[in-house]
Amino acid sequence: MGAIFRRELGSFFKSSIAYIFLAVFFLFSGYFFCAGTLYSSTSDMSSMFGALFLVILFLIPILTMKLLSEEKKQKTDQGILTAPVGLWSIVLGKYLAALTLYIIGISITLVYALILSYFGTVVWSSVLANYLALILLGSAFISIGVFISSLTENQMSSAIVSFVALMLLYMIDSIANLFSVHIIKNILVSLSFYTRYLEFTSGIFNLSSVVFYISVAFLFNFFTVRVLEKIRWS
């Protein structure tokens, strides 16, 4: 797993993906930090964290689009699948490489908090809770992106399908309101990524939300392993 992790993380920086991801995230996070925090003369960064949900939704597909689809396109997937390494090691190596780059990107939010601490009082418990929310959200979204990447050999198709899937998850609250049956509505609301994320930005720590995001990450990594297992034996 370590070799795959290092290879994938290195490939991000050898291509333009890492630089595009970091540049775009820094640009938008910096804008929301200035507009929602500095210009408002407040040390509350919740508005910035809330706005970052959509930024992440757009960027994750770019981060994950090539992880497995590129292997299939270049016909190198069989070499990996027949190597003496477990499928979980392959999936987790690629998944953790994307997650590591993602964490590098979102760490800029901690720098913003340090800047604020020089001018006012920063509630670090709130900042760290929001940072945790970003990590949990990203871990779930990346697992979905990796799974979709395993289904196609076209990077662009992977990115588009991932974006559509994540957008539907973002809109699940609006979709739930279309149903009059309370059971269906409640089930859909319980699957809301955005509502759970906003709980953290509002200063509410909900253990069930933590479990939810971790469960989604595990579930879709499991699905990816099953896809690779099917390819290996086909």
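Reader: Which residues count as contacts of I60, leaving aside its neighbours within four places in sequence?
Author: I60 touches Y102, F141, I142 and L166. These are called contacts because a contact means heavy atoms within 4.5 Å. The model is predicted, so local features need pLDDT of at least 70 and side-chain atom pairs count only at pLDDT 80 or more, while totals for chains, interfaces and linings use all residues. Residues are numbered from 1 along each chain as its sequence is written, and side-chain values use heavy atoms, with hydrogens and water left out.

Reader: Why is I60 called buried?
Author: Buried means under 20% relative accessible area, exposed over 50%, and partly exposed in between (1.4 Å probe, protein chains only). I60 has 1% relative accessibility, so I60 counts as buried. I60 sits in helix α3, which spans residues 46-64.

Reader: What makes V55 buried?
Author: V55 is also found in helix α3. Its relative accessibility is 8%, and therefore V55 counts as buried. Leaving aside sequence neighbours within four places, V55 is in contact with F25, F28 and F32. F21 is 34 residues away along the chain, and its C-alpha atom is 10 Å from that of V55.

Reader: How do you know whether N130 is buried or exposed?
Author: By its relative accessibility of 2%, so N130 counts as buried. N130 belongs to helix α8 (residues 124-149).

Reader: How many helices and strands does the protein have?
Author: The protein has 13 helices and zero strands. These are DSSP runs numbered from the N terminus: helices are H or I of at least four residues, strands E of at least two.

Reader: What makes the protein as compact as a globular protein of its length?
Author: The globule rule is 2.2 Å times the number of residues to the power 0.38, and the radius of gyration is taken over C-alpha atoms. For 234 residues the rule gives 17 Å and the radius of gyration is 19 Å, which is close, so the protein is as compact as a globular protein of that length. Its C-alpha atoms fill a box of roughly 60 × 50 × 30 Å along the principal axes.

Reader: What share of the residues of the protein counts as buried?
Author: Of the 234 residues, 47% count as buried. Among contacts between residues at least 6 apart in sequence, 75% join residues at least 24 apart.

Reader: Which elements have the lowest and the highest mean pLDDT?
Author: Helix α5 (residues 77-81) has the lowest, 63, and helix α6 (residues 87-106) the highest, 94. pLDDT is the predictor's confidence in each residue, from 0 to 100. For the protein, the mean pLDDT is 88, and 95% of residues reach 70 or more.
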